[in-house]
Amino acid sequence: MAHLGIDFGTTSVKVCLKLADGTTREAKVVHNSDSSPGEQDAMETFLAVTSAIEELSACFFGGLVVDTLSTCCQMHGLILWNTDGTCSRLITWEDGRCTPEFLSQLKKKSNRPHVDLHTGYGCASLAWMREHDMRQLQKWQFSGTIGDYFLWRLCSGMKGSFISDQNAESWGFFDATTGDWDWEAVRALGIDKWLPKAVVPGGTVVTDNHQCLNPGLRVGKVFVPLGDLQASVYSVIGGNSGRVFNYGTACQLIKTVPPQVTQPPILNPSFRVCRYTRSLHLLTAASLNGGNALKPLQNQTGVPFSEILELAWLRRDTPLRCKPTFLGERHDVSGKGRFWNVGLDNFTTGDIAAAICRGVVENVIEMMGDQSERSDQQMNQSERSYNQEGQSDLSNNVDMYAVGIASRPIMEYYVRKLLGNFKSGEASAALGAIQFNLGESV
């Protein structure tokens with residue numbers, strides 16, 4: 001038996017093939033599909049998908065035959081398409097067209113106490129098009145994530161449109177109680193016509209025994225696309241309880257919580273609760289600022305990234321402090337970064353880099369607040385909590401995994417100092433999607 005996983009990423013496509021003996025083969029293709037800020041040319045991504053599949057298929061005489069196809073994708077983005085396969089550009093999670101004032105007006109359409117809605121979210125993008133670009137919106141019949149569209153296209157036009165509850169929740173105007181859209185709100189906004197009509201749980205088979213558009217691929221069961229966050233986390237901890245610190249271009253601090261924990265009734269919280277498995281949800285502080293926070297320093301000094309990290313290690317105990325929210329955050333789009341404890345002897349490149357690296361970890365801890373300690377209650381404020389050793393009170397006696405910091409001693413140092421001991425791990429969303437749908441342990 002063979003299983004294929006595809007991760008439709010913002011900058012690249014990753015494909016993982018898991019063979020009967022448990023071994024895996026992977027292919028990655030960078031798609032360079034950015035067509036304008038916050039938008040991407042979906043066809044470039046499609047070419048990357050077919051190229052990655054063909055790379056794996058070349059190893060198998062007669063093409064690639066797999067028992068299951070699992071996919072995951074960037075969760076918030078919106079793409080529209082027609083039955084003939086033509087599609088719009090992808091409006092990504094990085095899109096900034098929706099102002100705070102516009103989002104505030106949209107939220108008033110819902111009677112629910114809290115609406116998790118930000119610019120770049122699918123429902124917000126649809127509502128913006130409904131109000132500002134109706135002529136373009138009326139060209140299209142269906143909408144979904146980039147994963148939903150490519151699954152529809154790869155499988156030669158499945159009947160109807162599907163979206164997983166994981167991704168629907170990430171679009172905004174999702175009713176967690178019913179597991180469906182907040183239909184009253186989306187009808188009031190006039191966007192119900194384009195929304196996927198079927199919201200199904202992650203792990204649902206949406207079609208079977210399909211001859212794909214790609215001639216080198218034949219598949220058995222096809223699962224609804226998952227969120228890339230959930231698939232990445234699953235590749236690290238599976239269906240077990242745990243905590244994950246994920247350091248990449250951006251940064252996330254994640255903890256599993258019981259499904260009874262829901263989004264709190266506060267405006268613009270710095271964390272969110274995401275659907276995961278039937279028995280667990282994910283309490284997530286997702287910062288826009290991670291490894292990218294060092295980019296301005298690299299650009300200004302001309303020092304290579306690897307050397308900046310080495311200089312930071314030499315000044316790892318600097319008294320200089322930084323809140324590196326240079327890109328703002330979803331809950332505070334106008335927020336700016338800042339430095340303090342600045343002295344004549346602690347503002348070198350190494351000090352600045354060390355303060356930024358420490359600040360990245362401290363920022364997600366602050367965003368999480370004390371939610372991890374009291375996740376069985378609905379919170380009305382965020383507060384930062386440290387124990388006597390200076391570590392964040394986030395342990396709750398579950399394993400801590402740190403992803404993306406291997407070979408980066410400075411990040412390992414601050415994660416251990418601020419979050420406690422951890423196990424190193426690497427995430428593969430494409431593999432995690434396979435494991436999630438098959439219910440495999442990690």
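Trainee: Which residue follows α13, and what is its phi?

Mentor: Please keep in mind that this is a predicted model. The residue after α13 is G439, and its phi is positive, near 65°.

Trainee: Which residues have a positive phi although they are not glycine?

Mentor: As a general idea, most residues other than glycine have a negative phi. Among the exceptions here is F173, with a positive phi of about 50°, which is placed in the loop between α6 (165–169) and β11 (174–175). Another case is N341, where phi is positive at about 65°, and this residue lies in the loop between β22 (338–340) and α11.

Trainee: How many residues does the largest nonpolar core have, and which of them have the most contacts inside it?

Mentor: The general idea is that in soluble globular proteins, nonpolar side chains tend to be buried together. In this model the largest nonpolar core has 41 residues, and F245, L294 and V361 are those with the most contacts inside it. Several elements give two or more residues to this core, including the strands β17 (243–247) and β18 (251–257) and the helices α10 (305–314), α11 (349–368) and α12 (409–419). The largest share, 12 residues, comes from α11. Leaving aside residues up to four places away in sequence, L294 touches Y247, F305, I308, L309, A353, I356 and C357. There is also a second, separate core of 39 residues, which includes V13, A48, F142 and F150.

Trainee: At what angle do α11 and α12 pack?

Mentor: The angle is about 40°, and the axes of α11 and α12 are 10 Å apart; these two helices are therefore oblique to each other. The crossing in which α11 passes α12 is right-handed. On the side of α11 the contact is made by A354, C357, R358, V361, E362 and I365, and on the side of α12 by I410, M411, Y414, V415, K417, L418 and L419. By class, the residues of this contact divide into 10 nonpolar, no polar and 3 charged.

Trainee: How do the axes of α8 and α13 cross?

Mentor: The axes of α8 (residues 228–237) and α13 (residues 429–438) cross at roughly 80° and come within 7 Å, and the two helices are therefore roughly perpendicular to each other. Here D228, A231, S232, Y234 and S235 of α8 meet A429, G432, A433, Q435 and F436 of α13. This contact has 5 nonpolar, 4 polar and 1 charged residues.

Trainee: How many residues of α13 are buried?

Mentor: Of the 10 residues of α13, 9 are buried, so this helix is largely enclosed by the rest of the structure. The buried residues of α13 are A429, A430, L431, G432, A433, I434, Q435, F436 and N437.

Notes. Residues are numbered from 1 along each chain as its sequence is written. This is a predicted model: local features need pLDDT of at least 70, side-chain atom pairs count only at pLDDT 80 or more; totals for chains, interfaces and linings use all residues. Side-chain values use heavy atoms; hydrogens and water are left out. A nonpolar core is a set of buried Ala, Val, Leu, Ile, Met, Phe, Trp, Tyr and Cys residues joined through side-chain atoms within 4.5 Å. Buried means under 20% relative accessible area, exposed over 50%, partly exposed in between (1.4 Å probe, protein chains only). Helices (H or I, at least four residues) and strands (E, at least two) are DSSP runs, numbered from the N terminus. Contact means heavy atoms within 4.5 Å. Axes are lines fitted to C-alpha atoms, for helices over the stretch in contact, and angles run from 0 to 180 degrees between N-to-C directions. Angles under 35 degrees count as roughly parallel, over 145 as roughly antiparallel, 65 to 115 as roughly perpendicular and the rest as oblique. A crossing is left-handed if the near helix is turned anticlockwise from the far one by less than a right angle, and right-handed if clockwise. Ala, Val, Leu, Ile, Met, Phe, Trp, Tyr, Cys and Pro count as nonpolar, Asp, Glu, Lys and Arg as charged, and the others, Gly among them, as polar.
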